[in-house]
Amino acid sequence: MKKMLLLAAIGLSYVGACACTSAIVSGKLTANGRPLMWKNRDTGDPNNRVERHEAHDGCYEFVALFDSKDPNDTAAWLGMNEKGFAIMNTASYNLNHDNVPESMMDGEGVVMRAALEHCVTVEDFEDMLRQRPKPLCVETNFGVMDAYGNAAYIETGNFGWKRYDLADEPSGILTRTNYSYSGEELKGMGYIRERNEKVLLAPHIEKKDITPALFTEGISRTFYHSVLGKDFTESGVEYVVDQDFIPRRISTASVVFEGVNSPEEASLTTMWISLGYPPCAETYAVWTGEGGVAEELRGTSANHHSPQCDKVNERKKAVFDIKGGNGKHYVHLKKLYNEEGTGYSQQLREVNAAAYENGYKKVEQKRAAIKKK
């Protein structure tokens, strides 16, 4: 096959159902001084949706990402609430050393929904972990951020956790993939993806110009490989093996939470989301409050599918177009980037730039309304 690139040295293995690449960024490194929290979600279920839950029975209003196969919204895989508290996670594979059966695991989404309903601060979340019955049925790196200037990764296993505060990190940025810094050394997954992420972020850390678009429009659509020392994104290569890039066949969303610098502006906390396989996806701004979630992001289609996610999944089929055998592991890169400028990622650049422009206009309108009160 013309210009086929075979990354034979690194194989074709995949982490089971969930992975993810993520970062938490101090406002000291961002273009507008607002902190950021990013997750490129990898999961075995390609059908994701965004839903808003109103405040009820002592629970805060929140918006969150759910699997379509979960019609009762029992497990939130990232989200934010009306108090400006946001949460995400990356699966870890080097924390637990116990006899908790596998059938009891994967409780991260249940924990995150409970956190969105009840937490205002990072400390509230840690208190919730203390109070929940053990085992916690998780093995994960929770990323949390609040409207009071706190942000942290909390590496959490069945019977304990370790907290890494952003305020204690001199560089102003924390990253996690699919291993925990407090876990068993060289176990777990995602080491190469984390190296990719750090290389791509480095010039922006130096310039202190990080934006949400750097993640949703840049890093989640970039085929840079740190082991090979090459960026294949617009290289002219026709096919690449889908191994150890940040966007992966199992990537189903790229999401950035853009926080605030005071609790009075909690309602300005914004979730920027590219729903579906990120290199093929439009980007939307999401807020809490009535009308804060675009209808096309919600599970309004058959089987609780999001119309937007379904549309992106159709494009994804053209990107992974080799059928049979190991064909699914090959990315048809020219369907995303080509010399004619007709690739999906290329066509979406202006669309998504406009989405960011309009989103920030709405943020300023919301800010003006807050000042009038």
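"Buried" here means under 20% relative accessible area, with exposed over 50% and partly exposed in between (1.4 Å probe, protein chains only). By that cut-off Glu117 is buried, at a relative accessible area of 11%. Everything below comes from a predicted model, where local features need pLDDT of at least 70, side-chain atom pairs count only at pLDDT 80 or more, and totals for chains, interfaces and linings use all residues. Residues are numbered from 1 along each chain as its sequence is written, and side-chain values use heavy atoms, with hydrogens and water left out.

**Confidence**
- The protein chain averages a pLDDT (the predictor's confidence in each residue, from 0 to 100) of 95, and 95% of the residues score at least 70.
- Over residues 1-16 the pLDDT is below 50, yet this stretch has 35 contacts (heavy atoms within 4.5 Å) beyond near neighbours in sequence.

**Glu117**
- Glu117 sits in helix α1, residues 108-118; helices (H or I, at least four residues) and strands (E, at least two) are DSSP runs, numbered from the N terminus.
- Leaving aside neighbours within four places in sequence, Glu117 touches His56, Gly58, Cys59, Tyr60 and Phe62.

**Helix α6**
- Helix α6 covers residues 344-372, 29 residues in total, and spans 42 Å from its first C-alpha to its last.
- That is close to the expected 42 Å, taken as 1.5 Å times one less than the number of residues.
- There is a bend of about 35° at Glu350 in α6, given by the angle between axes fitted to the seven residues ending there and the seven starting there.
- Buried residues of α6 include Leu348, Tyr356, Val363 and Arg367.
- The buried residues of α6 pack against α4 (212-218), β15 (270-275), β16 (283-286) and α5 (307-319).

**Nonpolar cores**
- A nonpolar core is a set of buried Ala, Val, Leu, Ile, Met, Phe, Trp, Tyr and Cys residues joined through side-chain atoms within 4.5 Å.
- The largest has 25 residues, and Phe257, Met271, Ile273 and Leu297 have the most contacts inside it.
- Elements giving two or more residues to this core include β4 (62-67), β8 (151-156) and β14 (251-258).
- A second, separate core of 24 residues includes Ala75, Val111, Met112 and Ala115.
- Back to Leu297: beyond four places in sequence, its contacts include Val50, Ile273, Tyr284 and Gln308.

**Cysteines**
- The model has 0 disulfides, counting pairs of cysteine sulfur atoms within 2.5 Å.
- The sulfur of Cys309 is 11 Å from the closest cysteine sulfur, in Cys280, so it is too far for a bond.
- Cys309 is buried at 1% relative accessibility, and Cys20 is buried at 3%.
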